[in-house]
Each structure stands twice: as C-alpha cells, then as structure tokens.
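Good morning, and thank you for making time for this item. Please have the sequence and the structure open while I speak.

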Amino acid sequence: MLISRAEVARAEALLNDRQRGVVDELGLLSIHQAFADRLFPGTSVLHTRLRYALFVPWLMQRAAGSSTATQKLAQLEFALTGQLKLGVKNQAADMDDTGVIGSRVYEQNKYAAQPASFSYWSALATWGILGRDYMRSAPSREAVLEALGSERKAGAAADMDGQSLSTGPAYFADVPLEPPGLLDDPKGVTFKLLPLEKRYLRNRLAALKAPTLEGEKARESFLGALARHPVRPTLGCDFWNDDDVRACVPPEDAPLIPLARNISALGGIVRAVYLAMVEQACADKKFLTTRQHRDHLIACRDAWAEEALQADLDALVSHRLGLSQDALYELLSATKGWLRTSSVLPNASVKKLYANVEHGRKFGRSRLAGTPGATQQLRRWARSAERSTPASRLHFRWPNVSRMIRDLHE
C-alpha cells in the first residue's frame with residue numbers, strides 16, 4: 001500500500017510532538033496537531049528559536065566539505081551549542097537566553113538527542129528555505145549533504161556567461177551568508193537576527209500558505225500573516241487573548257480562533273479528569289495519599305468550564321480538525337455533559353468511557369482498565385516523576401511560535 005507524502009509528514013510531526021514529551025493518553029494530540037498545522041504550518045514543539053532556521057543551512061554547508069559529512073555536522077552542532085551557551089553568558093541581561101538545543105547534555109560532552117538539523121528539517125522545506133528535489137519532494141539530510149559536497153568538489157565551474165555548470169538541485173541557494181566568527185567568536189553567538197537575516201526569514205514566512213484540502217483555493221497562513229505584520233506576541237498570552245495577534249488572523253481562519261480557544265479548554269479539562277481518575281485509582285490501592293490532580297481538576301473546572309462548554313465538536317469534525325465521530329468524540333461529549341452537573345468527578349459510565357478510550361490506545365500499558373497489568377502501571381505511575389506534572393490546556397505550539405515571531409520582529 002502506498003502512503004502519501006502528507007501522511008508521512010503528519011506521522012513525522014506526531015512523532016516529533018511525542019518525542020518532546022507530549023502525553024497523549026486519550027487521543028487529543030490529533031486535535032492539537034490539526035490546529036497547529038493549519039495555523040502554523042511547518043512548526044513543531046521541538047522548535048525553540050528562529051535563528052536555527054539559518055544555523056542549520058550554515059552548518060550543513062560547512063559539513064559538506066568533510067569526507068564524513070554526517071559526523072562533521074553533529075560535531076558542528078555540538079560546537080554551536082557551546083557558542084550559544086557562551087553567548088548567553090556574555091550577552092546583555094535583557095536579551096532572551098532561552099532555547100539552546102542540547103544545552104542540558106552539553107556539559108556531559110553529549111550531543112543533543114534531537115539536534116536542530118533534525119527538528120527543523122521539515123520546517124526548512126515547508127518554509128521554502130530548503131530547495132526541493134526534481135520530484136518536488138523534500139530531500140533527506142544525507143542527500144543534501146552529499147549534493148552540497150559534490151558541488152564543492154566540482155568547484156565554482158561556470159560557463160562563458162558566468163552561469164554555474166552544476167546540474168544538481170539548488171539547496172539553500174539564497175540563504176544569507178554565514179556571519180564571520182559563528183563558531184569561534186570569544187563572546188559566543190546569540191539568537192539575535194541580523195537585519196539581512198530578518199528580511200530573508202520575514203519574506204520566506206510571509207509567503208507561507210495555509211494547508212488546503214482538495215478543491216480549496218490557496219490562502220495566507222496565520223503564521224505568514226504574523227511574519228508580515230510587525231507584531232510582538234505577549235509573553236505567556238494565548239493567541240486568542242492577544243489583541244495584536246488576533247488582528248493578524250486571515251479572514252478564512254477567523255472562525256477557527258474561538259474554536260481553538262474552546263477546544264483548548266475542553267482538552268485541558270479532559271486531561272485533568274484523566275489524571276484525577278488515575279490518582280484516585282492509586283489512592284484506592286494505597287499507592288499514594290496526595291490529592292494534587294483531584295484538587296487541580298477542581299481548579300481547572302472553575303477556570304475553563306465556561307469555554308469548554310462552548311466547544312463545537314461538530315465544527316471540528318466538519319473542518320477536519322483532528323476529530324471524527326468516534327470514541328474520542330463520545331468522550332468529549334460525555335465530559336461536556338458532566339461539566340453541566342455539580343458532580344466533583346464524572347459518574348461510572350463516563351469513567352468507563354475514559355478507561356475504554358485509554359485501553360484502546362495503550363492496551364497493556366493502560367492504567368484505568370482494572371486489570372492486574374493496570375495495577376502494575378498504577379504503581380509505576382505513583383512512583384514516577386511523571387505524576388507531578390499537572391494537566392494543561394491544548395496550546396497548539398503557540399509558546400514556540402510566539403517566541404520565534406518575537407525573534408523575527410524584535
């Protein structure tokens with residue numbers, strides 16, 4: 001059976017989100033993914049700062065001159081981590097120092113598990129920074145390193161008119177030149193974009209179109225509009241609550257903003273319900289005595305119930321935003337029904353629905369199934385650091401996107 005490139009891209013993006021630690025016990029990630037891809041194409045929860053979209057081409061062009069290009073690239077990315085850490089140490093106090101990939105393991109002399117050349121690869125292709133191959137497909141990192149190396153070996157051969165004699169596809173052809181001292185500046189490197197770099201990235205992102213379904217016309221993406229307008233998202237503010245950001249929403253996506261806000265709230269409550277149920281199950285078996293998640297559920301319900309009750313599930317289905325008429329739809333509907341009651345926790349039928357949806361996704365690793373295996377999973381959860389993480393709303397990658405947009409316009 002052939003798999004479409006769109007399906008491969010979706011699978012890769014889901015994998016990226018899981019690798020960053022996104023917990024998806026009940027299937028909410030499909031909704032998160034669908035909104036994020038529609039509004040902010042090419043982005044990933046692995047992204048931290050916008051200048052990495054230039055660091056990667058620069059380091060790959062360097063690595064291509066080595067006989068072991070893949071290993072050389074890894075070494076260069078490790079060196080970049082050191083330079084960024086040095087830059088953080090030496091830069092002005094008012095500059096944002098967050099987002100150094102590999103920072104935690106650098107002191108252990110280890111490479112990042114997901115280096116920028118991996119986590120930003122799809123973005124480089126989607127944003128038009130990485131050239132396509134002859135089949136209009138995004139090439140692999142290895143293919144690009146090989147092609148760049150071949151170009152270097154061939155030298156700067158040109159015809160009588162000064163045109164390059166290279167017949168290979170152009171990768172990173174118009175990327176701004178690497179600034180001097182990128183990896184050997186005694187003061188280190190920062191994420192501050194130079195004027196030419198800003199102009200290049202702004203033009204690339206501003207031209208970005210939203211994904212379309214068959215038969216739909218091409219339209220501007222929300223991410224493209226944010227790049228085109230000199231907006232500075234408010235730190236820690238959701239996009240549906242930031243007036244300056246909302247003013248940039250393309251007309252076609254305007255109906256999606258309240259829809260995103262409401263399903264974000266409902267998704268957060270569903271996560272809180274699940275954790276409260278797991279905590280209660282652990283307490284029933286005397287595995288722990290804390291009430292963190294049950295108390296957090298009460299707070300989440302107080303804060304988010306009004307928006308959650310407005311979540312239009314049928315609109316998500318019709319817009320193909322990660323939901324269909326399935327078990328997750330039933331679970332979300334049942335949760336809304338519980339929110340209309342005064343019960344502290346959902347009743348037995350809703351609890352069973354949560355247990356069935358979890359079991360359908362995790363099978364032997366499920367915690368609510370009531371089986372001996374589930375008891376093992378509960379005991380493990382009660383002892384792990386994972387249980388200390390409270391439920392949060394769906395964020396649709398906005399914390400990452402807003403930081404990159406601030407990089408672009410600051």
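Is Phe78 buried or exposed, judged by its relative accessibility? Let me say at the outset that this is a predicted model. Phe78 comes to 16% relative accessibility, which is under the 20% limit, so the residue counts as buried.

I shall stay with Phe78 for a moment, since its ring has a partner. Phe78 and Tyr111 form a tilted aromatic pair, with 5.3 Å from centre to centre and 50 degrees between the planes. Phe78 belongs to helix H4, residues 69–90, whereas Tyr111 sits in the loop between helix H5 (103–106) and H6. The two are 33 residues apart, and the pair thus links distant parts of the chain.

As a general point, most residues other than glycine have a negative phi. Asn109 has a relative accessible area of 60%, so it is classed as exposed. A second case is Lys286, with a positive phi near 65 degrees. Lys286 is placed in the loop between helix H12 (256–284) and helix H13 (292–308). With a relative accessible area of 74%, Lys286 is likewise exposed.

Let me return to the aromatic rings. The count of aromatic pairs in the model comes to 17. One of them joins Phe55 and Phe191: the ring centres are 6.4 Å apart and the planes meet at 50 degrees, so this pair is tilted. Phe55 lies in helix H3 (residues 52–63) and Phe191 in the loop between helix H8 (141–154) and H9, so the pair ties together parts that are 136 residues apart in sequence. Phe55, at 1% relative accessibility, is buried, and Phe191, at 5%, is buried as well. Ring pairs also link Phe35, Phe40, Phe222, Phe239, Trp240, Phe396 and Trp398 into a cluster.

Ser117 is located in helix H6, residues 116–119, and is buried at 0% relative accessibility. Its side chain makes a polar contact of 2.7 Å with the side chain of Glu77. Setting aside residues up to four places away in sequence, Ser117 touches Val56, Leu73, Glu77 and Arg141.

Thr335 is located in helix H15, residues 327–339, and is buried at 1% relative accessibility. A polar atom of the Thr335 side chain lies 2.8 Å from the backbone oxygen of Leu331. With the neighbours up to four places away again left out, Thr335 touches Leu266, Ile269, Val270 and Tyr354.

Finally, the packing of two helices. At what angle do helix H9 and helix H18 pack? The angle between H9 (residues 195–206) and H18 (residues 398–409) is about 130 degrees, and their axes are 9 Å apart. H9 is therefore oblique to H18. On the H9 side, the contact is made by Lys198, Leu201, Arg202 and Leu205, and on the H18 side by Asp407, Leu408 and His409. By class, this contact has three nonpolar, one polar and three charged residues.

Thank you for your attention.

Key: Residues are numbered from 1 along each chain as its sequence is written. This is a predicted model: local features need pLDDT of at least 70, side-chain atom pairs count only at pLDDT 80 or more; totals for chains, interfaces and linings use all residues. Side-chain values use heavy atoms; hydrogens and water are left out. Axes are lines fitted to C-alpha atoms, for helices over the stretch in contact, and angles run from 0 to 180 degrees between N-to-C directions. Helices (H or I, at least four residues) and strands (E, at least two) are DSSP runs, numbered from the N terminus. Angles under 35 degrees count as roughly parallel, over 145 as roughly antiparallel, 65 to 115 as roughly perpendicular and the rest as oblique. Contact means heavy atoms within 4.5 Å. Ala, Val, Leu, Ile, Met, Phe, Trp, Tyr, Cys and Pro count as nonpolar, Asp, Glu, Lys and Arg as charged, and the others, Gly among them, as polar. Buried means under 20% relative accessible area, exposed over 50%, partly exposed in between (1.4 Å probe, protein chains only). A polar contact is a pair of N or O atoms within 3.5 Å; within protein, one must be able to donate a hydrogen and the other to accept it, and residues adjacent in sequence count only if both atoms are side-chain atoms. Rings of Phe, Tyr and Trp (its six-membered ring) pair if their centres lie within 6.5 Å; planes under 30 degrees apart count as stacked, over 60 as edge-to-face and the rest as tilted.
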